[in-house]
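Here is a short note on side-chain contacts, written as numbered points. Please read it with the structure open.

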Amino acid sequence: MGSTLTCRKEKGKKPSWRIFSLKELHAATNNFNYDNKLGEGGFGSVYWGQLWDGSQIAVKRLKVWSTKADMEFSVEVEILGRVRHKNLLSLRGYCAEGQERLIVYDYMPNLSLLSHLHGQHSAECLLDWERRMNIAIGSAEGIAYLHQHAVPHIIHRDIKASNVLLDSDFNAQVADFGFAKLIPDGATHVTTRVKGTLGYLAPEYAMLGKASESCDVYSFGILLLELASGKKPIEKLNATTKRTITDWALPLVRQKKFNEVADPKLNGKYVEEELKRVVVVALVCTQNQPEKRPNMPEVVDLLKGDSKEKLSDLENEQIFREEPVAGYQDGLSGVEDRSDCISEEKDSKEELKEVAGSG
């Protein structure tokens, strides 16, 4: 895979992205000033910048050059350069000079979903129910595009709240394809070193390293529960006990207590039918067995209310019956021994300010 991409031009249209000079990005970010830093991840830092024309950008500056970083850069540039969808963060350009590797995106003024659910914007309660539904459907459509329409198909592998960015109108932009694995035609899954975030990992991926589109469906299900409830994927109950969001939500849903799943910050202001729809779909997406999960286009239809009959069928699934279902779990067992490969969502200020999916 090459580390550069030829700038594509469409007839009569400006190129969708371009190559930036290092000098230009130094000027835009005030020499990568600390005050401009938006976040930091495993592969580097993200800075806010402003170009000469006044437009705002986010610049991901990869850490000191290494084979790993170069491979990451190549993957992200190739994928982002190809992907175009209203709910996927588009590449604005890149820079590769000397040992510097930088990727440029549009700046997202409302930062990430993480910052609104658990971070510096959570107290402002800017996410009303209508915005949450739009974010749920928009991000689902973006991921469905990666799975069904990108050529070759793309597994994201790190769907989480900090990788769903929000534009000025709170439209979802799914970001950070750095971990994405391209699926060759005809392949059902790709065995790979585990990458991702604790709490969002499908059991088969955490334990066996089998990445598939269904793993993204699982992660998206966790994200849906998080969006509806305002809870984190893993909640610390005391010094020794942690509870997953699915273990908390499922008993409530079995007792039809959907109102107790809703984020208290909504103050009861939500559409009951839509809340029920989101929570049921989320729990179906997070089933232990991958073959029982829907695919992303089906998830989109369910969230939009286009598949009422199918939704009704899902509500009668075994997992929603009163008796406990053996084997329904988040897949945390077996994760610890692979922890060198798995990150955990941090509560630090830097992590919460992340706006361009730095990793």
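1. Lysine 160 and aspartate 158 form a salt bridge, with 3.6 Å between the closest N and O atoms. The term salt bridge is used for a side-chain nitrogen of Lys or Arg within 4 Å of a carboxyl oxygen of Asp or Glu. Both lysine 160 and aspartate 158 are buried; buried is under 20% relative accessible area, exposed is over 50%, and partly exposed is in between (1.4 Å probe, protein chains only).

2. A word on the basis. The model is predicted, so local features need pLDDT of at least 70 and side-chain atom pairs count only at pLDDT 80 or more, while totals for chains, interfaces and linings use all residues. Residues are numbered from 1 along each chain as its sequence is written, and side-chain values use heavy atoms, with hydrogens and water left out.

3. How many salt bridges does the rule give? The count comes to 14. One of them joins lysine 86 to glutamate 141, with the closest N and O atoms 3.1 Å apart. This pair links distant parts of the chain, 55 residues apart: lysine 86 is in the loop between helix H2 (67-82) and strand E5 (91-97), and glutamate 141 is in helix H4 (residues 129-148). Helices (H or I, at least four residues) and strands (E, at least two) are DSSP runs, numbered from the N terminus. Lysine 86 counts as exposed because its relative accessibility is 56%, whereas glutamate 141, at 17%, counts as buried. Lys86 and Glu141 also belong to a network of salt bridges with Lys304.

4. Lysine 276 and glutamate 315 meet in a salt bridge at 3.1 Å, N to O. Lysine 276 lies in helix H8 (residues 272-285) and glutamate 315 in helix H10 (residues 308-315), 39 residues apart. Lysine 276 is partly exposed at 29% relative accessible area, and glutamate 315 is partly exposed at 22%.

5. The whole structure holds two aromatic pairs. In one of them, phenylalanine 32 and tyrosine 47 are edge-to-face, 5.3 Å centre to centre with 70° between the planes. Rings of Phe, Tyr and Trp (its six-membered ring) pair if their centres lie within 6.5 Å; planes under 30 degrees apart are stacked, over 60 edge-to-face, and the rest tilted. Phenylalanine 32 is buried at 7% relative accessibility, and tyrosine 47 is buried at 8%.

6. The charged end of arginine 61 sits over the ring of phenylalanine 32, 4.1 Å from its centre. This requires NZ of Lys or CZ of Arg within 6 Å of the ring centre and within 35 degrees of the ring normal.
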